[in-house]
Amino acid sequence: MQFIDLGAQRERIRDRLKVAIDRVVDEGRYILGPQVTEFENKLAAYIGTKHVVACANGTDALLLPLFAAGIGPGDAVFVPSFTFAATAEVVALAKAEPVFVDVDPQTYNIDIASLEAAIAMIKAEGRLKPRAIIPVDLFGLAADYEAIMAIANREGLMVIEDAAQAIGGSIDGKMCGSFGAVGSTSFYPAKPLGCYGDGGAMFTNDDALAEQLRSFAFHGKGETQYDNVRVGINSRLDTLQAAILIEKLTILEDEMAARQAVANRYAEGLGDIVKTARNLEGGRSAWAQYAIETPKRDGLKAHLGDKGIPSVIYYVKPLHSQIAYRDYPRTPTGLTVSEELPRRILCLPMHPYLGEADQDRIIETIRNYIGSNSAQIAAA
């Protein structure tokens, strides 16, 4: 059993992938070939934004908007602590300071009250200037953008949506990646829309911002690559990866439906014995991961492993507790949820090709373990 089965997807589109890859190799336009623009246009139509700017990876997709906004020393950027390191890493790389905010216990996304408290604290201290918020659509579920945008508009803050796990997700019909001034994503192979290497993209409706992002991603180029109008970096999506992503994009909606069916089956089969993940009203998660919570997590993980069922702990430690980030500011109301989740959370196999028989075995194994341990505790 696979935690994420990329092989099944590859078999589904094998012939189309071979044709697409052979075309790139035959044409020999490995950098910024026509497939890159074709993919950008098709993805923009899918997400519903005016511009898609492809880049080398999801981390650059978060870093480049900070460069474009001129965010740097003396600036504060508000980020959740319960997420992958890249969300805070880019802020530090830009020489600004990440300010850690707690997450909501139901969605695992940035907590609005905690965010408000952090902004008020930074303003009162006066050492840093509040500049931006980077909400994360964790595990594929959109953050509360109605509340986040209201705060951002009131405070004059830029919103950079971290949709690295959420392409295919939506809320009230609006696709993840299309929120804020700019959305960012990753095409790491395990993502809902992933390539066969590294890749990323940025989404925006702002013409000037899109032009800046393209420039920063290509050595700060102006009219040509030898006309440098700013200091940039080298961050381009390879033509081969773009060709692969074009084919994967054609089946993404079908895979979203399959992921939702898997999520529904987990919720129905486990919802009475563990805390299970569910969609928000009006929302559709991309289900990059499927998380459950139980106080018996460590024993359950070991038991699943004994039965040949893979599981992963996302995340073993919140960012504010890690050596690289422990000295940065944090919300004054505490980070209780971010600190407690790593002791309870467990992610189960989740992909569009997870068969019902395998899923039933996962559910039965968890139910047997939880039920058996509950009976032992009661007897004691």
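In which loop is the place of N228? N228 lies in the loop between α8 and α9, where helices (DSSP runs of H or I, at least four residues) and strands (runs of E, at least two) are numbered from the N terminus.

The model is a predicted one, in which local features need pLDDT of at least 70 and side-chain atom pairs count only at pLDDT 80 or more, while totals for chains, interfaces and linings use all residues. Residues are numbered from 1 along each chain as its sequence is written, and side-chain values use heavy atoms, with hydrogens and water left out.

At 47% relative accessibility N228 counts as partly exposed, a class that lies between buried (under 20% relative accessible area) and exposed (over 50%), with a 1.4 Å probe and protein chains only. Leaving aside its neighbours within four places in sequence, N228 is in contact (heavy atoms within 4.5 Å) with H219, G220 and K221. The side chain of N228 reaches the backbone oxygen of H219 at 3.1 Å, which is a polar contact, that is, a pair of N or O atoms within 3.5 Å; within protein, one atom must be able to donate a hydrogen and the other to accept it, and residues adjacent in sequence count only if both atoms are side-chain atoms. N228 and F218 are ten residues apart in sequence, and their C-alpha atoms are 9.2 Å apart in space.

H219 lies in the loop between α8 (207-217) and α9 (239-250), and its phi is near 60°, a positive value in a residue other than glycine.

**The chain as a whole**

The chain has 13 helices and 13 strands. Its radius of gyration is 21 Å, close to the 21 Å that the globule rule gives for 380 residues, so the chain is as compact as a globular protein of that length; the radius is taken over C-alpha atoms, and the rule is 2.2 Å times the number of residues to the power 0.38. Buried residues make up 53% of the 380 residues. Among contacts between residues at least 6 apart in sequence, 71% join residues at least 24 apart.

Q165 is found in the loop between β5 (158-162) and β6 (170-171), and at 9% relative accessibility it counts as buried. The side chain of Q165 reaches the backbone nitrogen of F139 at 2.5 Å, and a polar contact of 2.9 Å joins the side chains of Q165 and Y315. Beyond neighbours within four places in sequence, the residues in contact with Q165 include D137, K191, P192 and A286.

Y315 belongs to the loop between α11 (297-306) and α12 (336-340), and the peptide bond from Y314 to Y315 is cis, with omega near 0°. Most residues other than glycine have a negative phi, and most peptide bonds are trans.

**Residues in helices and strands**

L346 lies in strand β13 (residues 345-348) and is buried, with a relative accessible area of 0%. L346 and Q289 are 57 residues apart in sequence and 9.7 Å apart in space, C-alpha to C-alpha.

Just after α5, K95 takes a positive phi of about 70°.

**Accessibility of selected residues**

D172, which is listed below, sits in the loop between β6 and β7 (174-175) and has a positive phi of about 50° although it is not a glycine.

| Residue | Relative accessibility | Class |
|---|---|---|
| Q35 | 3% | buried |
| H219 | 37% | partly exposed |
| D172 | 65% | exposed |
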